[in-house]
Amino acid sequence: MKDHLGREIDYMRISITDRCNLRCRYCMPEGAAKVSVREILSLEEAARLAACGAVLGIRKIKVTGGEPLVRLGCCDFVRMLKETPGIQEVTITTNGMLLEEYLDPLVQAGIDGINISLDTLDPELYAGLTGGGELGKVLKSIRRSADAGSERHFPVKINAVSLDMKEVAPQLGCGYGGGGWQELLQLAADYPVDVRFIEMMPIGWGKLYQAVDHRVLLDRLRRIHPKMEEDHRRHGNGPAVYYRIPGFQGSIGFISAVHGKFCGSCNRVRLTSEGYLKSCLCYEDGVDLKPILRGSLPEDEKEERLVEAMRQAVWNKPGAHCFENPEQMTEYGNMASIGG
């Protein structure tokens, strides 16, 4: 499936909930509005839309939230997607707090990759940044996932939003004793996991935080590890640029949405938990599929309408985001409601 610029769109991120068991300051702080449960798609409805996407050429799906593992039936949803004709790969992004409990069911469902969000290795900073998260639980989930990934041959990745912890710590009422990006590198040294740094995007509460320029971060990394080399192996479906550090088990990745614009090779769309198909994070452009999905049309006609609506949304996908000019953005929701 191609858009009007000829980009091949074969990857869809599906949010199955806007709920989360953490309250990360830049994503879903205390007091963040939640969608009515009635407005959230059932897992069967989300799976039906995934099947419509597969008809159009969607081959890879990332299950997201909110926190997807707080949604009852998440592992069953993974199994549904794996059984959908045309879908070749199903992965998940989680904060890791519930992952140890659900790791075996995810593996049994056929999960093809696990991304774990973790921004700092300082327990106090982590608790402050996430509104009470327990770092020990996440680290245990990382260790177990790395073992399962090695055994079952699926990748495990750590997603770290690039924050200047020296600036963030005082805002959280915490001291700063490390636990930033340099310490996170050690996870890739100790385990067969990729550590990926993600530039803060000016969406929702993320607008309140200054993005760390990855050009600066990469320069610092080269000084610390001068023998680091670019890693051209395929690591996943997204736009990360990877590097290998001698002696490390995993690679280091950079997703530089703001200072390393990669829109020319964008291959994705996003389905929110409410059934809105978004073609770009930066804009409200897309189509609300729920009225068709829950409408009174005959089932075969409904299927045709859904497929055509998705096709048009993809065809009209914007050429590029405008994160460098936030005043031009038309998306005012937060990442949890969009599907981060």
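Okay, let's start with a side-chain pair: Asn-159 makes a polar contact with Arg-196, side chain to side chain, at 2.8 Å. Keep in mind that this is a predicted model.

So where does Asn-159 sit? You'll find Asn-159 in strand E5, which covers residues 156-161. Is Asn-159 buried or exposed? Its relative accessibility is 10%, so Asn-159 counts as buried. Leaving out residues up to four places away in sequence, Asn-159 touches Thr-93, Asn-115, Ile-116, Ser-117, Leu-118, Asp-119, Arg-196 and Ile-198.

Next, have a look at the loop between helix H5 (135-152) and E5, where His-153 lies. His-153 isn't a glycine, and yet it has a positive phi of about 65 degrees. His-153 is exposed, because its relative accessible area is 71%.

There's another backbone detail to look at. Gly-65 and Gly-66 are joined by a cis peptide bond, with omega about 15 degrees. Gly-66 is in the loop that runs between strand E2 (60-64) and helix H2 (74-82).

And that takes us to helix packing. Two packed helices are described by the angle and the distance between their axes. For H2 and helix H3, residues 99-109, the axes come within 8 Å and cross at roughly 15 degrees. That angle is why H2 counts as roughly parallel to H3. The crossing of the two, H2 and H3, is right-handed. Which residues make the contact? From H2, it's Cys-75, Val-78, Arg-79 and Lys-82; from H3, Tyr-102, Pro-105, Leu-106, Gln-108 and Ala-109. Sort the residues of that H2 contact with H3 and you get 6 nonpolar, 1 polar and 2 charged.

Technical notes. Residues numbered from 1 in each chain as written. Predicted model: local features only at pLDDT ≥ 70, side-chain atom pairs only at ≥ 80, totals over all residues. Heavy atoms only, no water. Helix = DSSP H or I, 4+ residues; strand = E, 2+ residues; numbered from the N terminus. Buried < 20%, exposed > 50% of the residue type's maximum accessible area, 1.4 Å probe, protein only. Polar contact = N/O pair within 3.5 Å; in protein donor to acceptor, adjacent residues only side chain to side chain. Contact = heavy atoms within 4.5 Å. Axes fitted to C-alpha atoms, helices over the stretch in contact; angles between N-to-C directions. Parallel < 35°, antiparallel > 145°, perpendicular 65-115°, else oblique. Left-handed = near helix turned anticlockwise from the far one by under 90°. Nonpolar A, V, L, I, M, F, W, Y, C, P; charged D, E, K, R; others polar.
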